[in-house]
Each structure stands twice: as C-alpha cells, then as structure tokens.
Amino acid sequence: MLSNDLTSLITRIDFALISSIHIIYPPLTIGLALLLFISELIWVRKKDDKWYRITRFFEKLFIVNFGAGVATGVTMEMAFGILYGRFSQAAGPFFGQVLGYETITAFMYEAGFIGLMIFGWGKISRGMHLFATFNVALSSTLSAMWILVANSWMQTPTGVVYKNGIFEVTDWIAALFNTNVRSAFPHMLLASFELSLTFVVSVCAFFVLKRRHVDIFLKPFKYGLVALAVVAAAQVYMGDVLGENTLENKPAALAAMEGQYDAYDAQGNVNNAWNIIGWPNKEGTGLAWSISIPHALSLIETKTWNGPVRGLNSFPKDEQPPVVIPFYTFRIMAAAGGALLLVSLWGVWLMARRRLTAEKASDNKLFLMISVAMVVLPYLAVIAGWWTREIGRQPWIVYGLMRTEDGMSAMTTGLAIFWLIGFAIFESAVVVGTIWFLAKVVRQGPDLTSNIPGEGHEHLGQLDLPEGEHADHPEYIRPV
C-alpha cells in the first residue's frame, strides 16, 4: 500500500494524464495510414496526379502525429514501471509478454516500412511504395490489436491464476482472446477510422471553405463524408455490442455508466428508466435528481420492455466504481458519435442535392464551418470513452483480482509530485508541438511544384569528387 491517500491520488492523476494524452495519437495513425493507402492506390490505378498531391499532403500530417504517438507511447511504458511497478511485476508473465509481441510483430514491423513510405518516393517502384504504405497500415492495426488484448485482459482477466503475487498464465488462448477484446478491439478500430475520416473531412472542408485548391480537396472531402456516415452508423451498433459485454462481465461498471443503483424500486417494480442526466445523493445510494426515459434502460441493455439491470447497491461499497465521471463521459462519447453521424448525413444529403459541386461547394459556409469545427468531436469521444472504460473498472486494476492501490509503486508524496510535474511538462510540450506542426502543414497547403515520382529509377545521388576523379562504386549526391 502507498504511504497515504494523497500519494495514491497523485499517482492516479499522473497516469490518467499520460494515458489520456497518448490515446489521442494512435487512432489517427491507424486510420490515416489506411486512408493514405487508399488515396495512393487511386493515384497508382487512375494516374490522377491530384491524388498524389493529396497523399503527400496528408502524409506530412501523418508523420507529425506518428512522431507524437511514439514519444507519448514510450513515456507511457516508462510510467507503468515508475508508477505501477507492483502491477508490472505481478502481471509481467502475461502483460509484459503481450507488449513484447506488440513491439516485435507490430512496432518493429511498422518501423521497417515507414522509412520506405516516407523516403522511398521515386527510389522504389510505385507498386513497391504502395506495398510499403499498406504494411504501415497493417502494422499499426496489429499494434492496436495487441494493446487492446492487454487492456481487455485487465477488464476481463481469463486464462490466469493470481498466486503468490504473480499472475501465472494457465491458458494462453483464453488470456489472449478474453471476452472483452472480442468487442473492444472492433469498437476501437471503428473509432480510429471515425477519427481519421473526420480529420480528413475537416482539413478538406477548411480548404474548400477558404476556396484554396478546391479542385484537389473536394473529392476526398465527399468520399470522406460518405465513408464517415457508414463508419459512424457501424460504431453505434458496435458500441451497443460492447455495452452488452460490459453488462455481462463488468455489471458494476455498467451500473455506474447508467447511474443505476437498484434493479427494483421500493414497490418491487423493475427500475427500467434510462437516466439522461442526474446526480448522486450525498449518501451515494441513489440519484438525488435525474431526467429519465421510462423503459429505455431495459430496451438498451436487455432488449426487452421490462428487463431488470443490476444496480450498484448490490455490490459491496468498496467494490463500487465512481459514478459521476463514467456516467457523463459515457454520454459525451455517445453525443459526439451521434453528432458525427448527423453531420456526415447532412453532407451526403447536400451531395444528393448537387450542392457540393466544384462551383457550389464553397457556398455552403455553415456546413463547411461545422465540418471544420467537428474535428474536436472524435477526440472528445476517444478520451471520454477511455475514461469511461478505465474509471468504470475501478477499484480494480485487474478486474476482480488486483486492486489499483495494490498495483502502485511504493513512493513518497514528494516523489509522486515530482513525476506528475515532469510527465505533465513533457506531455504538454508534445501536445503543443503537435498542434503547431499540424497547423503549419495545413497553412502551407499541398506541394504543387515538385515532380511526380517515376517508377523507381531515380538515382540516389552521387558524391562530389575532385575534378578528374571518379568513384568505382554506385554514385550518391550529398543531400542538400
């Protein structure tokens, strides 16, 4: 146990800050890598140079985001050992190995091909470059899969026994394919595509609104709106599937998310109302006030008119998660997802009305301004969803087996404050730097002057040699 509750609180806040900052980068890396592959594929097949310009432009944004993701990801792995050393030691036989698999099969895999993707233009054939881009997209998805395997195991730990302070793996298949990851990974993958499509749509909307390079950005803008409508609708379904999984495997977390304290009221009737908003009473035994929709909770969670949903009061007080944060973050996530669906459908409707043509697109100023502003929504949804997932698991770091405070490193309050300040400064610098570089790339716009790369026959260069001398090996130009 830690020295006092203040140290525990500081440690929790520190790791919450680190993980909340890191979680905003991988989704864009995953989804944007796939979109880069698609846009490059269109260029290779149609030989339309506008798609090459689009690919290279968004590639710059991808690189900035990728670098920030790597920096904050390494920091988070450090934080596991620094802040949660006891958990790291106890869960090492499974958790540590899974992170090792992610490094070998995904991160190193991605690192090999991302160099070809960034620096291989014109140096390798178009087909080989397209293959490199595809592998960057695939490896980033594999990375997300391994991370979700590890985190989902913390939500629904299977295939292990907790003995003598160590999680011993008894069934690797059960541990890797735990019940939560089957719905959590598709949910996170769709969130990555949703965020990336919104990012692309918002950037394209900015250029269309400013009447800059409309001929280049209009097509990806319209394609992105259609794809976003499909993905946002699919995410609604996948979110419901994950909710059913939470109801079955983490009923206390589900009860906190819905502000459900009792399955039955004082008269013995099913408490089936869904609370839109509300606030817990001072005793923490119910809601002091709420605005509710009758029968909606039963319909959402049990798919029946009057099905009971287990409430928080059926759990021991020391095993109940906080209510206010997961209750409202869940609603922020759902509201942001719903707004994205509505805006994308609005865009599809404008396309059907032929109001997003090259001549008329820039006239839809209200829609374009909303499209630009909505870039914040998927980031809010991702962070809110992450908080819902992680805080809903409390007071457990490994659900039902290891409490969070038992997994923390033993440290003084002063040391905990030191790490909080240090990590906060670093994470803030990464966020500010990322925004600055992304904004710089957008302000500059696409490169319209460089030559279109050929089929990989460009020389890497040649050395500058004194007059009359020559090299008896391949020649290379010293880079400018």
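**Close-up 1. The hairpin of strands 1 and 2.** Strand 1 and strand 2 form a hairpin with 2 residues between them, and asparagine 164 in its turn has a positive phi of about 55 degrees. This is a predicted model, in which local features need pLDDT of at least 70 and side-chain atom pairs count only at pLDDT 80 or more, while totals for chains, interfaces and linings use all residues. Residues are numbered from 1 along each chain as its sequence is written, and side-chain values use heavy atoms, with hydrogens and water left out. Strand 1 covers residues 160-163 and strand 2 residues 166-169, and the two pair in the antiparallel sense over 4 bridges (strands pair if DSSP finds at least two bridges between them). Helices (H or I, at least four residues) and strands (E, at least two) are DSSP runs, numbered from the N terminus. Look for valine 160, whose bridge partner in strand 2 is valine 169. Asparagine 164 is not a glycine, yet its phi is positive. Asparagine 164 is also exposed, with a relative accessible area of 75% (buried means under 20%, exposed over 50%, and partly exposed in between, with a 1.4 Å probe and protein chains only).

**Close-up 2. The hairpin of strands 3 and 4.** Here strand 3 (residues 274-280) runs antiparallel to strand 4 (residues 287-293), and 6 bridges join them. Isoleucine 277 stands opposite isoleucine 291 of strand 4. The hairpin has 6 residues between its strands, and glycine 284 in the turn has a positive phi of about 70 degrees.

**Close-up 3. Helix 1 alongside helix 15.** The axes of helix 1 (residues 5-22) and helix 15 (residues 413-444) come within 9 Å and cross at roughly 15 degrees. Helix 1 is therefore roughly parallel to helix 15 (angles under 35 degrees count as roughly parallel, over 145 as roughly antiparallel, 65 to 115 as roughly perpendicular and the rest as oblique). Axes are lines fitted to C-alpha atoms, for helices over the stretch in contact, and angles run from 0 to 180 degrees between N-to-C directions. Helix 1 passes helix 15 in a left-handed crossing (left-handed if the near helix is turned anticlockwise from the far one by less than a right angle, right-handed if clockwise). Among the residues that meet are Leu6, Ile10 and Leu17 in helix 1 and Trp419, Leu420 and Phe423 in helix 15 (contact means heavy atoms within 4.5 Å). The residues of this contact divide into 13 nonpolar, 3 polar and 2 charged. Ala, Val, Leu, Ile, Met, Phe, Trp, Tyr, Cys and Pro count as nonpolar, Asp, Glu, Lys and Arg as charged, and the others, Gly among them, as polar.

**Close-up 4. Helix 3 and its contact with helix 4.** Helix 3 and helix 4 (residues 85-119) pack at an angle of about 160 degrees, their axes 12 Å apart. The two helices are therefore roughly antiparallel to each other, and their crossing is left-handed. The contact includes Phe62, Phe66 and Val70 of helix 3 and Phe95, Phe107 and Ile114 of helix 4. By class, the contact of helix 3 with helix 4 has 12 nonpolar, 3 polar and 2 charged residues.

**Close-up 5. Helix 3 across helix 8.** Helix 3 (residues 49-83) packs against helix 8 (residues 214-249) at an angle of about 75 degrees, with the axes 9 Å apart. That makes helix 3 roughly perpendicular to helix 8. The contact of helix 3 with helix 8 has 8 nonpolar, no polar and 3 charged residues. Tyrosine 223 is partly exposed, with a relative accessible area of 44%.

**Close-up 6. Glycine 407 and its surroundings.** Glycine 407 belongs to helix 14 (residues 404-407) and counts as buried at 0% relative accessibility. Beyond its neighbours within four places in sequence, glycine 407 is in contact with Tyr84, Gly85, Arg86, Phe87 and Met402. Glycine 407 and serine 88 are 319 residues apart in sequence but 7.7 Å apart in space, C-alpha to C-alpha.

Close-up 7. Glutamine 394 and proline 395 are joined by a cis peptide bond, with omega of about 10 degrees. Proline 395 lies in the loop between helix 13 (376-392) and strand 5 (396-398).
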